[in-house]
Amino acid sequence: MRLKKIAAVVAVVMVGFFAQADVIDVPLGGDIAAAVTAAEPGSVIQLAAGTYTLAAEVTIAKNVTVKGAGRFATIIQSDGAYHRLFTLNDDGAVLSDLTVKGGVLNGLAGNRSGAGLAIVKGTLQDSVVRDCEQKGGNYGAGVWMEGGAV
């Protein structure tokens, strides 16, 4: 009987723990960077299927997940200017279920490596990074990793 009570308490605590994450929906054309800035730690930023275009780098420096509708369904692309698309810089920062496409860095202008994505800390999972270019620079046109996990 005592074990059943303990199991019930553990189940309630775990359900409460997993239910705490806020979900922020960002529709096509929405501002991913603003959603990341507004998100509380533990939040999930849910992206719709389709293509988002970034005009500037998005840095995720807190425990936030940016999750697409599937690695081939949600595409994040550059606007064509010289900039990296994402930097992950927190152990809890996650990019998941999306494609990162078309980041371009000019290494001769002092930009570091990783035109698509730089992972200082954080995780890239179930995603694709493609068609990125590092012009005259260092390493990792698509992904540059200092730490984190893929």
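Is E57 buried, partly exposed or exposed? E57 is partly exposed, with a relative accessible area of 32%. The model in which this value was computed is a predicted one.

**The chain as a whole**

The protein chain contains 2 helices and 13 strands. It has 150 residues, of which 36% count as buried.

**Salt bridges**

Side chains of opposite charge can pair when their charged atoms come close. A search of the whole structure finds 3 salt bridges.

| E57 | R84 | 3.6 Å |

The salt bridge between E57 and R84 links distant parts of the chain, 27 residues apart. E57 lies in the loop between β3 and β4 (58–60), and R84 lies in the loop between β6 and β7. While E57 is partly exposed, R84 counts as buried, at 7% relative accessibility.

D97 counts as buried at 15% relative accessibility, because buried means under 20%. K67 is partly exposed, with a relative accessible area of 31%.

R130 is partly exposed at a relative accessible area of 39%. D131 is exposed, with a relative accessible area of 51%, because exposed means over 50%.

**Two residues with positive phi**

Most residues other than glycine have a negative phi. D97 has a positive phi of about 60° although it is not a glycine. Its place in the chain is the loop between β7 (86–96) and β8 (99–101). D131 also has a positive phi, of about 55°, and is not a glycine either. D131 is found in the loop between β11 and β12 (133–135).

**A sheet of four strands**

An open sheet of 4 strands has the order β3-β6-β8-β11, and its pairing is parallel. Its edge strands are β3 (50–54) and β11 (128–130), each of which pairs on one side only. On average, neighbouring strands of this sheet are turned by 20° against each other, direction ignored.

Which strand is joined to β3 by 5 bridges? The strand is β6 (residues 74–78), and the two run parallel. Along this pairing, Y52 stands opposite I76 in β6, and L54 stands opposite S78 in β6. β6 also pairs with β8 in the parallel sense, over 3 bridges. There, Q77 has K101 in β8 as its bridge partner.

The two faces of β6 can be told apart by their cover. T74, I76 and S78 form the covered face, whereas I75 and Q77 form the uncovered one.

S78 is placed in strand β6 and is buried, with a relative accessible area of 11%. A polar atom of the S78 side chain lies 2.9 Å from the backbone nitrogen of G80. Leaving aside neighbours within four places in sequence, S78 is in contact with T53, L54, H83, L85, K101, G102 and G103. One of these contacts, L54, is the residue opposite S78 in the strand pairing.

L28 lies in the loop between β1 (23–26) and α2 (32–38). At 47% relative accessibility, L28 counts as partly exposed. How far apart in space are L28 and Y52? They are 6.2 Å apart, C-alpha to C-alpha, and 24 residues apart in sequence. Not counting residues up to four places away in sequence, L28 touches A48, A49, G50, T51 and Y52.

Note on methods. Residues are numbered from 1 along each chain as its sequence is written. This is a predicted model: local features need pLDDT of at least 70, side-chain atom pairs count only at pLDDT 80 or more; totals for chains, interfaces and linings use all residues. Side-chain values use heavy atoms; hydrogens and water are left out. Two strands pair if DSSP finds at least two bridges between them. Axes are lines fitted to C-alpha atoms, for helices over the stretch in contact, and angles run from 0 to 180 degrees between N-to-C directions. Buried means under 20% relative accessible area, exposed over 50%, partly exposed in between (1.4 Å probe, protein chains only). A polar contact is a pair of N or O atoms within 3.5 Å; within protein, one must be able to donate a hydrogen and the other to accept it, and residues adjacent in sequence count only if both atoms are side-chain atoms. Contact means heavy atoms within 4.5 Å. A salt bridge is a side-chain nitrogen of Lys or Arg within 4 Å of a carboxyl oxygen of Asp or Glu.
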